[in-house]
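Work through the exercises below with the sequence and the coordinates at hand. Each task is followed by a stepwise solution.

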Amino acid sequence: TFAEDITATDKSFANLGHLQNLHYLDLNSTDISDAVIEEINKLPLLDNLRIGGTNITANAVIQLKLLKKLKTLGIKFIDNPSLILGELRNSEIIEELECGAASLNEHDIETLTTMKNLVSIDLYKASAFNNTSLKKLTKLKRLKFLDLRQTAVTAESFPIFAKFEKFESLKIDDALWNLSEITLFRKMYPKIRLQVDEIKSSRR
């Protein structure tokens, strides 16, 4: 993994293609560009790729030969995520998707609901994701985890969680719901692991 290694550049991966048995590649928050896609395309067994917070564009991502065979894809902060999600529409392979801090619209959310084997979705900082969006995701029968930090999901959404058949874990922040709302959620869903990030205190 090269995650958050800001010194990693395109030159760092000039010979990436020789790692023929590589399954997992985390390039999050590195200073790489579309040029790396050529090397990534040389990895025949890759099924877990994270390229969020880089300079890679959506136009380059859809050129990935193994895009539709990935089980995990991280595209946080990427521009035009709709282009990538459109390519993954009706995927039966993708299980984990990190698309937080991206400009998701309601059509994108509807596209997510066609990926029937999704287990985990990271929506951190997807500010337009709201209660209506959450309700649409109940179509995903295998969904177990959501990261809803800094979204627009309110406490009025609580009844929606009862519609998720296999839900196990939720990540939020203390600016999303207040303490009484968090307590109520835990009372309503004692089997759901609720992780609460403290961002209010960090802003003081």
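**Exercise 1.** Is Glu96 buried, partly exposed or exposed?

Solution. The model is a predicted one. Step 1: the relative accessible area of Glu96 is 25%. Step 2: buried requires under 20% and exposed over 50%. Step 3: Glu96 is therefore partly exposed, its 25% lying between these cut-offs.

**Exercise 2.** Describe how strands E7 and E8 are paired and connected.

Solution. Step 1: E7 covers residues 169–173 and E8 covers residues 193–197. Step 2: the two strands pair in the parallel sense, over 5 bridges. Step 3: Ile172 has Val196 in E8 as its bridge partner. Step 4: together with helix H6 (residues 179–188), E7 and E8 make a right-handed β-α-β unit.

**Exercise 3.** Locate Thr30, then decide whether Thr30 is buried or exposed.

Solution. Step 1: Thr30 sits in the loop between strand E1 (24–26) and helix H1 (37–40). Step 2: its relative accessibility is 3%, so Thr30 counts as buried. Step 3: a polar atom of the Thr30 side chain lies 2.6 Å from the backbone oxygen of Leu27.

Terms used:
Residues numbered from 1 in each chain as written. Predicted model: local features only at pLDDT ≥ 70, side-chain atom pairs only at ≥ 80, totals over all residues. Heavy atoms only, no water. Buried < 20%, exposed > 50% of the residue type's maximum accessible area, 1.4 Å probe, protein only. Pairing = 2+ DSSP bridges. Helix = DSSP H or I, 4+ residues; strand = E, 2+ residues; numbered from the N terminus. Right-handed = clockwise from strand over helix to strand, strands pointing away. Polar contact = N/O pair within 3.5 Å; in protein donor to acceptor, adjacent residues only side chain to side chain.
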